[in-house]
Structures are given as C-alpha cells and as structure tokens.
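This report looks at one protein as a whole and then at one annotated site. Please have the sequence and the 3D view ready.

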Amino acid sequence: MSKNPIHIIGGGLAGSEAAWQSAQAGVPVVLHEMRPVRGTDAHKTDGLAELVCSNSFRSDDAENNAVGLLHAEMRLAGSLIMSAGDANQVPAGGALAVDRDGFSDAVTKKLEAHPLITIQREEVPGLPPADWDQAIIATGPLTAPSLAQSIAEATGADALAFFDAIAPIIHFDTIDMDTCWFQSRYDKVGPGGTGKDYINCPMDKEQYLAFVQALIGGEKTEFKQWEGTPYFDGCLPIEIMAERGVETLRYGPMKPMGLTNAHNPTVKAYAVVQLRQDNALGTLYNMVGFQTKLRHAEQVRIFRTIPGLANADFARLGGLHRNTYINSPTLLDHSLQLKSRPGLRFAGQITGCEGYVESAAIGLLAGRFAAAERLGHAPSLPPLTTAFGALLNHITGGHIVSDDEPGKRSFQPMNVNFGLFPPVEAVKIDGKRLRGKDKTVAKRHAITSRALGDCRQWLGLPAQAEAAE
C-alpha cells in the first residue's frame, strides 16, 4: 500500500480542511500555499484559512437552515474548520461568526503541528506533475493566473470562468401557480422538454413600467477594484438593460411573444418574466436573464413585485463578480476527480460552490476521497439526502444544462440550500396536510432530521447519539 503524500494546492478553507481530513485518515500530506512568496489582491496575511470577506459562517441553526445543517454534518465528520470556528466564536445571534485572526491562527497551528502534514510556502505555477498521483487543487476564486491558464488548457477554453454572472433562483413551492403558468414560448419542445418547460409570470403595462423604474432606481453594488471586469452583452445586468430604454426588456428577456396565459387566455400579457427549472429535482427555478448588481435587499423587494412572486423564497440572489471556477458537472466525476486525469481532484470555490462553509465542506470530501484511494479503498460518497451529498450532487451532476442560450454557461456557483435536497413526502399532523409557514417549517425539520440520520450512518456513527446534537 502506497503512503506517498497527497499534494494539496491552496491553503484556504478548502485546502486546509482537505489536508486535515487526509492526515487524520493516516495519509501524509504536502500542503502548498503560495503566500507570502506571492500575494493576492484580497489576502492581507500569510495565515492559512484567512477569511478575506465576511467573518460569518452564517446560520448555525441545524434544524431550520441548510447551512446550519452543513455545520452539524461537518462537526460530525471532525472538521478542522468547524472546530476552529467554534473555538473562536464571537457574538452574532443565531449565526456563527468568528474572530478572523484567531480563527486563521488556530487552523494554521493545528496544521503545522500535525505529524503527517508538511506545509510548503511556494507557488505551484501549473498543473501538478505526473508523479503527484493523488493531488487536490483548492485555489479558490483568486487562482494565480499561471495555474488558471494551465487548468484552462487542460480542460478546454470554455471550461474555466473568470466572470460570474448569476441570476436569482427561487424555491418552486413559493411560486404562486394560480397567477403563473407553465409554457414554453410558442409551445416549443426542446431536447428533454415538454413544451411547458418555463414558469411564466405575466405583467400588464402599468406593472411593467413600474418594474422598469424600480430596476433603474434600485440601489446597486459596485465592483471591487480587483474585480475590474467589464460588462459584455452576453451577461448585461437586468438594470443596465432597463437603462437602455423602457422597451428594451420587452424585446429581451421579458418578451411576451408566443405565450398565452393559461388562467386568462383572452388577455395578452404586456411583458413576461420566465423562470426555468434549474435542478434535476425540480425544486429550484432560475429567473431567465436576470443577472443583476442590485443589492440583495433590493432584489428581494423589487422581484417580489413580479406577479406570482410576492412570497418568493430565494435560494440564491443574483450578482456579477470576478470568479474562477470550472464547469464541474462536465469535468468532474462524483468524487470530485478530473475525468481526464485520475487522481487529480478539485475542491472549494473553484468547483462551483459559494460560501466559506460550502468551500470547506467540499474540501472535507475531497480530502476523504483522496485518502480513501491512497489507502486502497473506493471513495464512499455521502447520501444525496445529506447536506454533503446535496451540495456534491449540485457540483457534479444535479444541474440542468441550458440549450436555449447559445454560448452561455448554464452551471453557476451556489450556496447550500434546501432546494438541493431530495423532497420529503407531504408532512401531516393528525392526518391533515399542513399549509403555509407551518408546512415549510415541518418540511425543513423532516429534511434535516433525515439528513443527520443518514450522515451518521455514512460516517459510521451510532444513531442513538443524534438526539444529543
């Protein structure tokens, strides 16, 4: 049995977690971090797992929040990132926020002290050499240009994105289908489609004009200096299109042609917002053409004025920013391994996940998978019902490929959310179906309870200990 080291490129949250998990499994690790030999435009220190933006890991509520559930699963799996976060927590209500310097210092010291981990401060300018037969690239959204170029050359010119233009995604069960209806434009049946592949939200002229003005007047975010990527016509923000003329959206993503309101066939909509199914489970729908730089609170306020979306629950809000990530569903297998090069895995934000915790979770999985192979075992994949499995599935195969927007990437980064989980059966109390908020809460509790039980089983932990978490 080979005990050659696993080489991990990148000492952020994903790389640090991957190194810890591999070493804890008994496999030696070499962790390559280019700072301080080469800095980035965002990092300020040489510490491992430095938090470059917020100091929040978001909600720690494992019963009602998907990221809180991911926290709980990571703790069950012996996560270094979660233990360091818990040890350096600062007051933040129901969220887990950390002292960023104390957190980074804790991670760095743990990794430096581990007998099976060697930290090399050096830049790896290209893909790992062939004798690194087990390696993980976890270089994040600020991957060094030389390495990014090597990845692009190895995976194809359109496989690596440097500009992230994302539209909001909505939980299907919060869309008012008494107002909206299913229909493809002109009832066109595309590959795998039925002719009813979009949800359509109709607007009359007054609603449309008010919506355009709200987009123009809404508060926007600005590019950070190190994100100075120009707009290009393929991903113009919805509010920039609105500024180009009051009719622009009606002849663009909101054109009403070829659509008939199933609830009121004799009245032609003046404009239509279309939502396209975003995942194979059918639990999430994407707002077509609605990439935006509106601030998040403004997006919620303005987009809920769209007929049928008054109670919309957003799985992800829109944005445009610099991001380096690969087209994972095409390039990676279900163990995060590059299909064209066995033994080379990717982890963290470069795989197409968003958020500190999500990045660390994918690092955790990549570290476990690589260690298993080094020890002569097949990687054990987490069940789809767990937060681990739901996030992994989104990255490696749960996304639906768009065929109606030529040249545009369909796979987009996402935070963990309940829309990525397989649905639970209808929840009843005393034989009666729940409705409204009670139904939502009950469904989330059912999902999280199922997830924690299945995660324990996957990790080989006793089921009876679940109540103590």
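The sections below go from the overall fold to two residues of the annotated site.

## Overall picture

This is a predicted model. The protein has 469 residues, and 54% of them are buried. Its secondary structure consists of 12 helices and 18 strands.

The protein exposes about 20,000 Å², of which carbon and sulfur atoms supply 52%. If contacts between residues at least 6 apart in sequence are taken, 70% of them join residues at least 24 apart.

## The annotated site

Which residues does the UniProt annotation "binding site" cover? According to the unreviewed entry, they are Gly10, Gly11, Gly12, Leu13, Ala14 and Gly15. Leu13 lies in helix α1, which spans residues 13–24. Ala14 is also found in helix α1.

## Leu13

Is Leu13 buried or exposed? Leu13 counts as buried because its relative accessibility is 9%, and the cut-off for buried is under 20%.

Neighbours within four places in sequence are left aside here. Leu13 is then in contact with Ala49, Glu50, Leu51, Phe57, Ile81, Phe103, Tyr356 and Ala360.

## Ala14

Ala14 has a relative accessibility of 6%, so Ala14 counts as buried too.

With neighbours within four places in sequence again left aside, Ala14 is in contact with Ala138, Ala347, Gly348, Ser359, Ala360 and Gly363.

How values were computed:
Residues are numbered from 1 along each chain as its sequence is written. This is a predicted model: local features need pLDDT of at least 70, side-chain atom pairs count only at pLDDT 80 or more; totals for chains, interfaces and linings use all residues. Side-chain values use heavy atoms; hydrogens and water are left out. UniProt positions are given in the numbering used here, feature names are shortened, and annotations may be inferred rather than shown by experiment. Helices (H or I, at least four residues) and strands (E, at least two) are DSSP runs, numbered from the N terminus. Buried means under 20% relative accessible area, exposed over 50%, partly exposed in between (1.4 Å probe, protein chains only). Contact means heavy atoms within 4.5 Å. Accessible areas come from the Shrake-Rupley method with a 1.4 Å probe; for residues, only the protein chains shown count as cover.
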